[in-house]
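Take a few places in turn, and say what surrounds them.

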Amino acid sequence: MRVGVLTGGGDCPGLNAVIRAVVRKGVEVHGWEFVGFRNGWQGPLTGDSRPLGLADVEDILTRGGTILRSSRTNPYKVDGGVDQIRKVLADQEVDALIAIGGEDTLGVAKRLTDDGIGVVGVPKTIDNDLGATDYTFGFDTAVSIATEAIDRLHTTAESHHRALVIEVMGRHAGWIALHSGLAGGASVILVPERQFSVDQVVQWVEQRFEKEYAPIIVVAEGALPEGGEEKLLTGEKDAFGHVRLGGIGNWLADEISERTGKESRAVVLGHVQRGGTPTAYDRVLATRFGLQAVDAVADGDFGVMVALKGTDIVRVKLSEATAELKTVPLERYQEAEVFFG
Ligand code: F6P
């Protein structure tokens with residue numbers, strides 16, 4: 001058996017831990033061979049691959065990023081893309097694929113399975129917004145990094161009596177903002193799921209100053225002011241139709257300065273949240289996902305994604321996995337509101 005492995009979409013701490021677990025179990029338990037396709041779906045489209053043996057996965061457990069590189073290539077946007085993939089898999093004698101990715105990569109995996117190509121999916125996203133799994137690896141790392149940033153911002157904000165706005169990732173889901181904001185004791189948390197009133201934010205900020213504390217406002221990049229529009233860095237769309245968000249943090253800091261007369265600055269955390277070594281939790285989750293993905297391939301159970309339900313790793317249909325995004329429920333957001341202001 002020869003199995004192809006690829007990583008697609010935005011990178012995420014823990015990708016290498018999945019690759020390592022897949023190769024270790026596949027080779028040592030089943031005697032399989034592996035092919036690493038480079039740059040997401042571009043690899044199987046163009047035949048760009050590398051051997052992936054035991055020696056290649058030594059020392060990668062703790063490494064951030066992905067040794068296979070990544071891209072946001074969509075083979076369904078390429079003329080004859082699926083036939084090209086079929087040909088590459090046949091030429092390289094690959095019997096099955098393990099695709100590690102988020103909603104876009106897994107959406108392609110689902111369509112390829114419908115088109116007769118055997119794919120098992122592994123969920124990844126720092127945003128934790130995939131519906132069919134309780135958690136994705138990478139999220140815990142991103143939250144830890146954002147929390148550390150908030151901890152550091154508290155002391156400098158207090159020294160200067162400033163409001164500091166920290167913009168974190170989260171296009172459609174505010175999980176990183178919610179968890180890091182709660183863990184870091186933020187004065188306000190703003191998420192894409194709930195439009196916010198600037199007047200209300202200003203009120204919370206002023207309350208915080210009155211208590212002799214400097215306010216820290218955590219805002220997800222996709223959060224929207226009431227009646228406002230998403231702040232875009234560029235209107236250009238990627239192959240899956242996503243624009244690049246960014247700018248809400250600076251916009252909000254300016255609004256706060258203007259309305260309160262207090263100095264307010266923004267920090268955009270950006271890709272720092274995605275880089276570097278995964279936390280222990282993410283290494284374990286990524287490893288368990290990799291081991292179970294190998295079991296699914298061994299069972300010939302294609303068109304599934306491995307998922308965390310409680311403490312168990314289960315298999316769910318890729319159609320279910322990509323059906324809807326897991327956004328922050330209103331009641332979870334309301335829990336955090338107790339700490340605002
Ligand atoms: O999907 C994960 C994510 O980190 C989003 O939160 C963010 O909007 C996006 O990736 C950024 O992607 P890129 O690195 O391609 O700019």
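Which residues does glutamine 273 touch, not counting residues up to four places away in sequence? In this predicted model, glutamine 273 touches Ile126, Ala142, Ile145, Val168, Met169 and Ile176. Glutamine 273 itself sits in the loop that runs between β11 (264–268) and α9. Its relative accessible area is 0%, and buried means under 20%, so glutamine 273 counts as buried. The side chain of glutamine 273 also comes to 2.7 Å from the backbone oxygen of glycine 270.

Several positions along α9 are buried, among them Asp282, Leu285, Phe289, Gly290 and Val297. Ala286, Thr287, Ala293, Val294 and Ala296 are also buried residues of α9. Following the helix is glycine 300, which has a positive phi, near 70°.

Is valine 338 buried or exposed? The relative accessibility of valine 338 is 65%; exposed means over 50%, and therefore valine 338 counts as exposed. Together with Leu182 and Phe339, Val338 makes a nonpolar surface patch of about 310 Å².

Glutamine 273 and valine 338 thus give two cases to look at in the model: glutamine 273 is buried, whereas valine 338 is exposed.

Note on methods: Residues are numbered from 1 along each chain as its sequence is written. This is a predicted model: local features need pLDDT of at least 70, side-chain atom pairs count only at pLDDT 80 or more; totals for chains, interfaces and linings use all residues. Side-chain values use heavy atoms; hydrogens and water are left out. Patches are made of residues with over 30% relative accessible area and no salt bridge: like charges are joined within 9 Å, nonpolar side chains (Val, Leu, Ile, Met, Phe, Trp, Tyr) within 5 Å. Accessible areas come from the Shrake-Rupley method with a 1.4 Å probe; for residues, only the protein chains shown count as cover. A salt bridge is a side-chain nitrogen of Lys or Arg within 4 Å of a carboxyl oxygen of Asp or Glu. Buried means under 20% relative accessible area, exposed over 50%, partly exposed in between (1.4 Å probe, protein chains only). Helices (H or I, at least four residues) and strands (E, at least two) are DSSP runs, numbered from the N terminus. A polar contact is a pair of N or O atoms within 3.5 Å; within protein, one must be able to donate a hydrogen and the other to accept it, and residues adjacent in sequence count only if both atoms are side-chain atoms. Contact means heavy atoms within 4.5 Å.
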